[in-house]
Amino acid sequence: MQNIENDAGQGVSHAVGDSKVPQKLQEHVPQSVEEKLPNQIHDTGNPATNEGSVSHATGDSKVPKGLQEAVPEKLEKALPDSIHDTSSKVI
């Protein structure tokens, strides 16, 4: 049986990564509630809940994702775009 999502985002989980929230609870709460949880508890990919742990890459990067998310934006932008692309150009 396939779960169906309603207009409030209930019926499916919106986690894109790890979650400490039980699966049935993920499926029953509205999407807006899921997205307010810190990504360390329930990863929805919402950058607003990363508590500073966010990559500022806008293109390709040779830097491991965990490191991108751990360092300050200023350090990321100091790297050459050939290593960690933080340019804002749209391709």
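Predicted model: local features only at pLDDT ≥ 70, side-chain atom pairs only at ≥ 80, totals over all residues.

Modeller: Start with Asp60. Asp60 sits in the loop between α2 (31-36) and α3 (65-70). Its relative accessible area is 68%, so Asp60 is exposed, the cut-off being over 50%. Asp60 still has contacts. Setting aside residues up to four places away in sequence, Asp60 touches Asp81, Ile83, His84 and Asp85.

Take Asp85 next. Asp85 lies in the segment after α4 (73-78). Here the relative accessibility is 12%, so Asp85 counts as buried, which requires a value under 20%. With neighbours within four places in sequence left out, Asp85 is in contact with His56, Ala57, Thr58, Gly59 and Asp60.

Now Thr86. Thr86 also belongs to the segment after α4. Thr86 has 10% relative accessibility and counts as buried. Again leaving aside neighbours within four places in sequence, Thr86 is in contact with His56, Ala57 and Thr58, and also with Glu76, Lys77 and Asp81. His56, Ala57 and Thr58 are likewise among the contacts of Asp85. Asp81 is likewise among the residues that Asp60 touches.

Asp60 and Thr86 are 26 residues apart along the chain, and their C-alpha atoms are separated by 8.7 Å.

Note on methods. Residues numbered from 1 in each chain as written. Heavy atoms only, no water. Helix = DSSP H or I, 4+ residues; strand = E, 2+ residues; numbered from the N terminus. Buried < 20%, exposed > 50% of the residue type's maximum accessible area, 1.4 Å probe, protein only. Contact = heavy atoms within 4.5 Å.
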